[in-house]
There are 2 protein chains.
Amino acid sequence: MHKVKYAHMNRGVCEVALGDAILACLTERPMTGYELAKTFDASIGFFWKADHQQIYRELSRLRDRGHIRGREVVQSGKPNKLVYTLTSEGRAALKHWAARPSSPPSIKDDLLVRLYALDCIDIEPLRADLMARLEHHRDRFGRYERILKKRFPDGTAAPADAGKLLALHIGLRHERVVAEWCEEALDRLSSISTRTNVQPLEDSQRENKG
Amino acid sequence: MHKVKYAHMNRGVCEVALGDAILACLTERPMTGYELAKTFDASIGFFWKADHQQIYRELSRLRDRGHIRGREVVQSGKPNKLVYTLTSEGRAALKHWAARPSSPPSIKDDLLVRLYALDCIDIEPLRADLMARLEHHRDRFGRYERILKKRFPDGTAAPADAGKLLALHIGLRHERVVAEWCEEALDRLSSISTRTNVQPLEDSQRENKG
DNA sequence: CGACTTTTTCGTGTTACGGTAAAGAACTGG
DNA sequence: CCAGTTCTTTACCGTAACACGAAAAAGTCG
């Protein structure tokens, strides 16, 4: 008859990582929700983006759980802000979370679905989309490179930052790879559309004959 | 001056693609929910997985919208099944969806968050996790290769299948790349743990003074 | 008969995520 | 001073995603 509201042990399987991503972000330094919301410190935000409402909501939840503590900092010229710091429980929770096996995420990229259904869709918007994405990923690649150069000018990191450098490397690699497959897709698209024109799309209307 | 926002009018219709992924899957051939749930035809399911309840719920929704039509097939020896076919509205909807710009997804891989917070977590479980993931992605790579060999033995596809071949190529590349960065991470992890031991973690207990 | 497979469906809860909005403070500028 | 902007936080709402737990209907196998 006792109802478990916050079932700490119930979260055995859930992989929720928005909260944990925030915790991870706060391991580096205390931050405000506003700051977190802007960029996630130009780091975790790269592979885990969330808008400010999500951040704030998650911050309240984490505070309720005692994983972080907010200290109000009175500012002049600006509204007071809440700087959140990891508590020792928060660190323990992060550690505990990190010790559980992760499950591989799906790619879930709309573009792949579109490519899969290539023969049923219009290729021009797809091409435009691919080009936009190519630019996007190239852009990100450039940003990562700049951050890498600025934060780790000699390519090495202190032991405490080794993971951050590694994550950055992986992010860099990821952007490069996605940009590459965008290029490949554009390439194929060109060779396809030169060989066969936009297909007549009449066949889809045939089955109306019930 | 007001800022120019990228104002494509998002009419509340979701960017979500589970439904669209199913539509895309059904472009190839009619399938039952059971079949879809099992593997998504060993194709789209690679980058978009969902359990059978999700599939069935989405199928009902698509049927309600008139995007697919279910035909009951009487079987002997097994319960009757509902084979779903794309309607012309479904094709049109897919086409329409595919013509909208997509937004790049975040990576959202727990492993990256853990790497980012590397100095705050235990490395042994992380290492085990990385090894499991490495194996997983290698396995997937092998499966993709086998499918590729079986479905496109000469490396080329009919125009109607060009997109599927391309998507498969991308999936293949993705698995290879993720496996590679798992290897890199494991490598770094080894060199780190030989240099510095597991850190003493006492500093996190200091702030208990409240 | 019971156990199992195939196929479909329902219910319930939690999280995620996006939009719209607002509220309070202090500075900026006409 | 009023209007607007930046900074900072918060609330409400809706839908999608996802996980967990069941179960029903029909037929096979032991």
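**Group meeting: salt bridges and the A–B interface**

Let me start in chain B, where B:Arg114 and B:Asp110 both sit in helix α5 (residues 110–116), 4 residues apart, or about one turn of the helix. Helices here are DSSP runs of H or I with at least four residues, strands are runs of E with at least two, and both are numbered from the N terminus. The two side chains meet in a salt bridge, 3.7 Å from N to O. By salt bridge I mean a side-chain nitrogen of Lys or Arg within 4 Å of a carboxyl oxygen of Asp or Glu. Both B:Arg114 and B:Asp110 are buried. Buried means under 20% relative accessible area, exposed is over 50%, and partly exposed is in between, with a 1.4 Å probe and protein chains only.

A word on the model before I go on. It is predicted, so local features need pLDDT of at least 70 and side-chain atom pairs count only at pLDDT 80 or more, while totals for chains, interfaces and linings use all residues. Residues are numbered from 1 along each chain as its sequence is written, chains are lettered from A and ligands numbered from 1 in the order in which they are written, and side-chain values use heavy atoms, leaving out hydrogens and water.

Now, chain A. It has 8 helices and 3 strands, and from the N terminus the order is α-β-α-α-β-β-α-α-α-α-α. Of its 210 residues, 46% are buried. If you take contacts (heavy atoms within 4.5 Å) between residues at least 6 apart in sequence, 55% of them join residues at least 24 apart.

Back to charges. Over all chains, the structure holds 32 salt bridges. One of them pairs A:Asp161 with A:Arg151, at 3.8 Å from N to O. A:Asp161 is in the loop between α6 (123–151) and α7 (162–195) of chain A, and A:Arg151 is in helix α6, 10 residues apart. A:Asp161 is partly exposed, with a relative accessible area of 23%, and A:Arg151 is partly exposed too, at 33%.

In chain B, B:Arg140 forms a salt bridge with B:Glu175, their closest N and O atoms being 3.9 Å apart. What does this pair tie together? B:Arg140 lies in helix α6 (residues 123–151) and B:Glu175 in helix α7 (residues 162–195), so the pair links parts that are 35 residues apart in sequence. Both B:Arg140 and B:Glu175 are buried.

That brings me to where the chains meet. In all, 76 residues of chain A are in contact with 77 residues of chain B. About 7,400 Å² is buried between them, and carbon and sulfur atoms give 63% of that. Buried area here is the accessible area, with a 1.4 Å probe, that two parts lose on being put together, summed over both. A:Phe47, A:Lys95 and A:Tyr116 supply 11% of the area that chain A buries against chain B, more than any other three residues.

How many salt bridges cross this interface? The rule finds 8 between chain A and chain B. One of these pairs is A:Glu180 with B:Arg173, whose closest N and O atoms are 3.3 Å apart. The elements that give two or more residues to the chain A side include α1 (18–26), α2 (33–47) and α4 (88–98). Helix α7(A) gives the most, with 16 residues.
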